[in-house]
Amino acid sequence: MRYLPLTDGDRSAMLDTIGVSAIDDLFVDVPESARFDGAFDLPDHMAEFEVERRMAALASRNVTTGDVPSFLGAGAYRHHVPASVDHLVQRGEFLTSYTPYQPEISQGTLQALFEFQTMVALITGMDVANASMYDGATSCAEAVLMARRITRRNKAVISGSVHPHYSAVTETQAKYVDIEIDIREPDLDGGEDLAGAIDDGTACVVVQNPGVFGHVRDLSSLAEACHAAGALLVVVVTEAVSLGAVKSPGEMGADIVVAEGQSLGNPQGFGGPHVGLFATRDKYVRQMPGRLAGETEDADGRRGWVLTLSTREQHIRREKATSNICTNSGLCALAFTIHLSLLGEDGFRNLAMLNHARASQLADRLSALGGVEVLPDAFFNEFAVRLAKPAAGVVDTLATRGVLAGVPGARLFGAGNGVDDILLVAASELTREDDMQALCDGLSEVLA
Amino acid sequence: MANRKYTEDHEWVEVDGDSGVIGISEYAQEQLGDVVFVELPEVGKVLDRGDEAAVVESVKAAAEVYAPVSGEVVEVNDDLNGDPSLVNSDPFGDGWFAKLKLSDADELDELMDEDGYKKFVEGLG
Amino acid sequence: MNHSRDLSRNRPAAASADPETVHGHRGLQLEEPLLFEIDNPGATGVDLPAPGEFTSRLGTMERRGGIGLPSVSEPEVVRHFTRLSQKNYAIDMGTYPLGSCTMKHNPRLNEKMARLPGFAAAHPLQPESTVQGALELIDGVAGWLKELTGMPAIAMSPGAGAHGELCGVMAIRAALDDREGGPTTRRRILVPDSAHGTNPATAAVCGFAVDAIPSDGRGRVDVKAFADKLDDDVAGIMITNPNTCGLFEPDMVEIAELIHEAGGYFYCDGANFNAIVGRVRPGDLGIDCMHINLHKTFSTPHGGGGPGAGPVVLSDALAPFAPVPWVVHGEDGFALVEHADDAGDAKPFGRLKGFHGQMGMFIRAYAYMLSHGRDGLRQVAEDAVLNANYVMARLSDVMTPSFEGPCMHECLFDDRFLKDTGVSTLDFAKAMLDEGYHPMTMYFPLVVHGAMLIEPTETESKRSLDDFIAVMRDLVARAKDGDAEAFAAAPTTTPRRRLDETAAARSPVLRWTPEDRTAEAAE
């Protein structure tokens with residue numbers, strides 16, 4: 001076995017040193033009834049090229065966003081990831097290290113996390129960010145739990161603009177800890193009244209911007225309404241690139257911002273691993289979940305970094321911790337940081353505007369088609385269209401013609417929830433003229 | 001301090017008329033090490049004896065501080081927010097936590113006095 | 001703004017014995033400022049085409065004003081992160097005996113497979129007909145895990161071990177609620193005092209009170225103490241097996257019978273599955289659910305703190321409550337169940353994650369499973385256990401093992417051997433850094449004093465173990481020779497010496513701010 005260094009000679013010498021005659025003598029604590037000596041219904045070991053062949057065969061059975069024109073988004077986006085990002089994250093010193101609990105020999109990971117936290121705070125317009133969560137949806141759930149800790153109230157209003165996976169994860173995490181979750185109807189026109197849903201028991205209002213149907217909204221007055229009622233405003237961002245073009249949640253008065261960071265540095269990867277961003281105001285930092293890297297000095301007075309404020313975490317507070325999270329998305333956060341470093345101030349803004357431009361051009365083209373209505377007036381790189389036919393069928397038909405047309409509303413919200421004729425369409429810097437033409441041609445034909 | 005009384009969890013209360021100042025003992029601060037943060041109760045909160053009154057954190061530990069006696073919180077030591085190390089440097093003085101308006105003075109009789117607490121700590125080895 | 005580079009903070013203070021160099025570099029140990037400190041407005045590491053004609057749809061919602069991101073070219077970014085990487089210890093560099101973390105070799109084939117465009121470029125919401133290979137792979141990993149654990153069902157979506165715990169305990173909660181026709185009246189989850197901190201934290205976020213069970217004198221769950229706690233208020237028990245003392249819990253079957261008789265469920269923390277994979281099917285022990293850290297047993301890289309994956313195998317009793325989504329195999333091939341409405345008779349307790357789970361980790365784990373096969377996986381467990389027992393055997397005369405062996409995949413020592421030396425477990429660990437080793441897990445589990453938990457894993461050769469043992473023996477000798485001061489000063493040769501964690505926590509600096517630099521420039 002290529003990954004196992006011990007030879008039979010080593011094994012018997014080591015058993016001698018231990019003072020036992022056979023490996024079975026080391027498993028004596030296992031009850032006899034549980035010692036498995038049968039044959040698993042599984043194959044024996046394989047050569048590297050055999051594994052590769054098998055895996056490649058599986059991969060080849062997928063027709064992906066790299067093969068055909070794709071307009072899929074809804075929380076996972078296709079962007080170009082510079083080659084140096086993947087090179088750097090595959091350096092063994094990053095890839096094969098553990099959580100930086102020994103700071104003297106983990107300064108690389110710690111400094112990168114400090115840079116990550118700073119970048120997340122900057123793009124969201126907030127004071128402080130943690131070292132990442134599993135993904136945007138779990139960040140959203142953690143934000144609601146945090147709002148409860150801060151306000152000591154137990155109701156959360158979730159806007160109809162929020163991605164259904166995010167609201168479902170939040171509802172699931174809330175259900176056994178007595179938090180009442182009020183999920184609003186899908187907000188197709190971007191005009192729901194959230195301020196009216198706040199009362200003196202509301203811990204927070206959760207709203208997504210751009211919304212799941214694409215609407216970009218000014219949340220300033222909603223923030224004021226929340227604060228006037230003693231509630232927090234939680235803003236969800238599922239497309240991190242939007243933060244380069246759209247007014248930041250921090251600027252509009254958000255108290256907690258949670259986001260999906262996949263768009264920067266990370267592949268769509270059939271849905272994971274992605275990286276949850278989590279940012280808030282300084283005054284709430286001790287109520288945050290997750291790890292935090294902080295600056296300090298070493299015994300020689302050199303600047304360095306450590307994991308800090310750990311008393312919030314499970315390994316110290318156990319059942320009184322702010323969250324049970326331990327392992328998070330470190331390497332994805334690193335990829336995010338490297339990609340954003342490469343982009344820099346101008347690159348990030350230009351990338352965002354390029355995305356917006358492609359979506360705007362696409363909307364112009366789609367608006368000109370019969371049977372297609374673009375819903376939002378203001379959007380970033382994704383928007384909902386209402387089709388003259390059920391969207392799921394249209395998408396399936398176009399898939400057979402080699403176009404991944406977008407995400408049907410029913411795929412996200414379930415069928416029969418008032419969104420069956422809704423299709424979410426996303427563009428990015430990778431969307432070409434030809435791709436747009438292929439979508440328009442396909443839709444014209446299918447809807448005719 | 002004849003009127004300072006102690007619990008077996010190393011909290012102290014120093015009584016003055018119908019109010020009492022609470023904190024943690026020299027022994028407790030030594031056990032905790034460098035204190036980095038103190039979460040204080042809200043003024044106006046009514047505590048029963050044994051309720052969690054505060055949380056005191058060092059780098060690697062967090063300990064609950066329980067109310068040694070029952071009462072309403074009338075004042076907290078805001079200086080600890082800026083300088084939590086006061087708990088280490090002066091646990092019986094500037095490192096105090098909160099002032100309570102006592103609701104049951106009889107509870108004091110169940111606490112240890114200075115000598116009793118000294119012997120208790122010695123017994124912990 | 002002043003964009004000049006100030007490297008002075010990387011230089012040691014005058015008191016240090018290190019030679020002072022101009023920029024603080026020490027040979028190949030290269031100092032590196034924050035990216036924000038090498039900001040060079042106008043530079044970029046990415047070229048983008050002009051957008052062409054378009055109508056802005058953002059109006060007043062367009063972001064104005066500077067964001068504050070640093071601007072750097074590609075060569076500078078590559079050098080920056082390369083230099084940072086060189087300040088990290090890693091499995092690729094040496095033995096990483098961090099107990100309960102299973103720091104085994106991470107095969108690069110797995111990385112290559114995860115990057116196949118057919119996987120990496122697949123969008124999670126593509127029509128199912130276009131992602132049959134991806135769905136088959138998830139089904140394949142699920143099948144292996146069920147077969148290896150002897151369990152009938154699995155939930156694949158949890159994002160890491162603690163998330164898997166959440167999944168398992170929520171399934172228990174849902175099953176109890178279902179049985180009782182409303183919120184369960186059972187309030188307590190029993191957790192041994194030796195448990196990882198995530199166990200009590202998980203029980204708490206599922207609305208249960210935590211009741212600690214003491215360990216017996218042999219480092220195992222005290223079955224009598226456990227049995228005494230059983231009543232109709234107990235929802236379940238969470239036991240790590242092999243446990244955090246590195247020992248197999250011999251009474252698992254009895255514990256399972258007792259908890260079931262009492263009407264509760266049995267959660268097994270599978271963090272240490274590496275010790276028994278291929279030799280013991282946890283299902284044969286009578287458990288109801290167990291999470292499997294793919295980033296431990298199945299070699300997906302830890303990546304400096306994730307991402308991981310924590311699928312949870314489930315008994316027939318808990319299977320109906322598994323969260324969405326899951327993969328089904330029908331006449332038209334593979335499909336996903338993503339909504340409770342489509343779940344048939346199942347009663348999913350909800351959803352734990354966006355999309356379908358940590359696909360990238362499934363791919364890596366599958367490559368690992370296929371590489372080892374059923375024969376290789378059994379060998380993995382045997383070699384992991386052999387390595388740990390070898391280390392224990394060769395250190396037991398100079399260090400103090402906490403419990404009698406044999407151990408499983410990790411061996412636990414406490415600090416009795418350091419008594420009267422003036423050297424603490426922490427000092428001892430820091431001295432290991434100077435010797436070129438990542439320390440073992442320290443001060444965990446909490447059930448012994450000054451714990452040192454050593455997990456070598458199966459991917460260490462006998463030679464590397466012998467080297468490690470030689471270092472440990474030498475350090476013990478030095479400690480016993482009264483060299484406490486040197487231990488207290490360690491490490492001295494690492495990129496940074498001991499860091500002031502108190503200062504970091506008292507006034508937290510959690511991000512770079514331009515103000516800092518302005519203030520410093522004024523000094």
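## Ground rules

Two strands pair if DSSP finds at least two bridges between them. Strands (E, at least two residues) and helices (H or I, at least four) are DSSP runs, numbered from the N terminus.

This is a predicted model, where local features need pLDDT of at least 70 and side-chain atom pairs count only at pLDDT 80 or more, while totals for chains, interfaces and linings use all residues. Residues are numbered from 1 along each chain as its sequence is written, chains are lettered from A and ligands numbered from 1 in the order in which they are written, and side-chain values use heavy atoms, with hydrogens and water left out.

Let's start with β5 of chain A, residues 232–237.

β5(A) pairs with strand β4 (residues 202–208) of chain A in the parallel sense, over five bridges. Here Val207(A) sits opposite Val235(A). β5(A) also runs parallel to strand β6 (residues 256–260) of chain A, joined by four bridges, and Val236(A) stands opposite Val258(A) there.

## The cysteines

How many disulfides (cysteine sulfur pairs within 2.5 Å) does the structure hold? Zero, over all chains. Take Cys140(A): the nearest cysteine sulfur belongs to Cys204(A), 8.2 Å away.

Cys140(A) counts as buried because its relative accessibility is 0%. Cys440(A) is buried too, at 6%.

Methods:
A disulfide is a pair of cysteine sulfur atoms within 2.5 Å. Buried means under 20% relative accessible area, exposed over 50%, partly exposed in between (1.4 Å probe, protein chains only).
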